[in-house]
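Reader: I have a model open and want to go through a few parts of it. Can we start with one of the helices?
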Amino acid sequence: MSSIESLLQQQAAAALSAAFSQEISAESVALQSTDSKFEGDFTIVVFPFVKLLGQKPNIIAEALGKALVDNPAVPVTRFNVVGGFCNLVLSDAYWLDFAAAQATTPPQDAAPNGKTIVVEYASPNTNKPLHLGHVRNILLGYSSANIFRAAGYSVKKVQIINDRGIHICKSMLAWQLFGNGETPSSSGIKGDHLVGNYYVLFEQKFQEEYKAWQQSNEADNAFQTWWSKQDEKAKKKFAPDITDTQLRAHFFKEVYKNTYFNQQSSLGAQAKQMLQDWEDGKAEVVALWETMNSWVYAGFDATYARMGVNFDKLYYESQTYLKGKALIEDDLQKSDSIFYRKDDGSVWIDLTSAKLDHKAVLRSDGTSMYITQDLGTAKERFADFDMDKMIYVVGNEQEYHFQVLFEILRRLGFKFSKDCYHLSYGMVNLPEGKMKSREGTVVDADDLMEELFSAVAESSQERNTLEDLSADEQKRIKEQVAQAALKYFMLRVEAAKNMIFDPKESIDLQGQTGPYIQNAYVRTQGVERRLAAAALPAASAPLADYSPQPQEKEVLRLLHSLRHVIQKAADTHNPAELANYLYNLARAFHKFYNDLKIIDLQQVALSHFRVSISRACAHTLAYVGALLGIEMPERM
């Protein structure tokens, strides 16, 4: 909260207390920005005081407005009342002083509040490169961490790398069977992409094997058995004119595929054996696992570096999954254990009283599940950071998983469970549709970034604006613009919503895009260059008796609201709040820049005021952009 807001609350409370002989606290005064349909800078909502003071809202608002206008301690020059809202207009002098102060004092993070937040994001599997879905995850997590820091929290950025499991073994087995010793060095392929190619290859080989098996008598028996067990209600779900071929296609694709993998497939048996060998510590399997993971980590690091994101600590599923298993097995020894064991040896928990379900936490062979390792990791993180809040940035398809995780943590007695939060986000697709990792149709993050860079480079060449710069400087600016296009487009949409990422739209200099925002900053730097060339003299006297123009006032109001927007974005776990603020500020500055003459040697004091607005806007664009991971170039 800014000092003017605190002052208005304090003086409003004092005015109400004096006018109605009733003690009012400053904290009870609800202050907000005035709706754009009405005149005013701040609005005090008086409805909460109606019952306490025994007066109609408009009477309270009128008394309050008059008292504040007459109060020399606050810069309120006039007011208007709309129902139960008292709209306050601050003095022109206040805004002139505010512009001068903001021009010399860039925005700063809020003072430390003594609380720690841990943000988990990225958390990829080591069987494929980072893709478009990861990009949204990473940008949401990284920007959220920055916003929490700006709001005064101590922030730790972490990820859990899913480096074990059957999906990892699929890539390993495909490389072992078909790789012929290929490496990133020998192939010239980035390590995570190389491993991802073998994950896709495994699926292709598995589908070939599965398709051939479908012609066997065993497959026909499996189909006939399944169909014979369907009751009439189930059979009616299929169209009456469905052909036998179509019905079989549905069965083998939607019903039996996992069963085949687990029971009949040769490749499935080999992959499962490799996983068992890894868990048993078989030397050659562990060595291959370490080698291929090292290729992937090097690839991930390069992608993270290009995106400009980082982490404070990495957790690995291979190191945490046993901790969750131990947690469960220890609880099973208690007479009042929250878990129970079935006859097949698997371990479950009954969560029906929490409107969830019975959830398996250990398989019948004693191996861990995703929920198992998440339990162990949560406990370890609390020991590491003693955090006040834990944020999991994970797609909305995992909402049930996190409901279960938080409930089990609560039942295990971990007090921090109430401070765990799932920052759930929707799917992200391209205009041409959905993507699938196993089929190799996913858009890799690296390819997407390179596509955007190429598009920006082509657009820049057409405009011919950077030719006087060195090749390295041109490349740096084009990369900044491409990254801004990607990041802003991803973050402008509220996390909970599904979205379509349109690369072409994302680089539009006239749309709600990162480059449009960067161009506002570029214009502020152009103002600085023209200022130096014009040799504007110092003002002989301060600007007096000047009422800021609407274009100036809009920029100043947005600058003034920054701290409130940051706090709201942190409170609502919503980086889109800040992304949209950034666009609104850029749009207001563009209008200010286009409509008004900023440097005029015939009006020195006014020029200094407008330069102050431009400079303050530059500071804020750069600061907020950095919170979202967006750099501001001086030229485009």
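Reader: Which residues of α16 are buried?
Author: This is a predicted model. In α16 the buried residues are I371, T372, Q373, D374, L375, G376, T377, A378, E380, R381 and F385.
Reader: How many residues does α16 have, and what does it span?
Author: Helix α16 covers residues 370–385, which is 16 residues. From first C-alpha to last it reaches 22 Å, close to the expected 22 Å at 1.5 Å a residue.
Reader: What follows α16?
Author: D386, with a positive phi near 45°.
Reader: Now T320. Where is it found, and is it buried or exposed?
Author: T320 is in helix α15, residues 317–332. T320 counts as buried because its relative accessibility is 2%, below the 20% cut-off.
Reader: What does T320 touch, leaving out residues up to four places away in sequence?
Author: I160, Q373, G376, T377 and E380. Of these contacts, Q373, G376, T377 and E380 are also among the buried residues of α16.
Reader: Switching to the sheet. What is the strand order?
Author: The order is β7-β6-β5-β11-β12, an open sheet of 5 strands with parallel pairing.
Reader: Why is one side of β7 and of β12 left without a neighbour?
Author: β7 (313–316) and β12 (420–425) stand at the edges and each has a single partner strand, so one side of each has no neighbour in the sheet. Neighbouring strands are turned by 25° against each other on average, ignoring direction.
Reader: How many bridges join β6 to β7?
Author: 4, with β6 (residues 154–161) running parallel to β7. In one of them, Q159 has L314 in β7 as its bridge partner.
Reader: Which strands does helix α17 touch?
Author: Helix α17 (residues 399–411) packs on the sheet and touches β11 (389–395) and β12. The direction of α17 makes about 180° with that of β12.

Terms used: Residues numbered from 1 in each chain as written. Predicted model: local features only at pLDDT ≥ 70, side-chain atom pairs only at ≥ 80, totals over all residues. Heavy atoms only, no water. Pairing = 2+ DSSP bridges. Helix = DSSP H or I, 4+ residues; strand = E, 2+ residues; numbered from the N terminus. Axes fitted to C-alpha atoms, helices over the stretch in contact; angles between N-to-C directions. Contact = heavy atoms within 4.5 Å. Expected span 1.5 Å × (residues − 1). Buried < 20%, exposed > 50% of the residue type's maximum accessible area, 1.4 Å probe, protein only.
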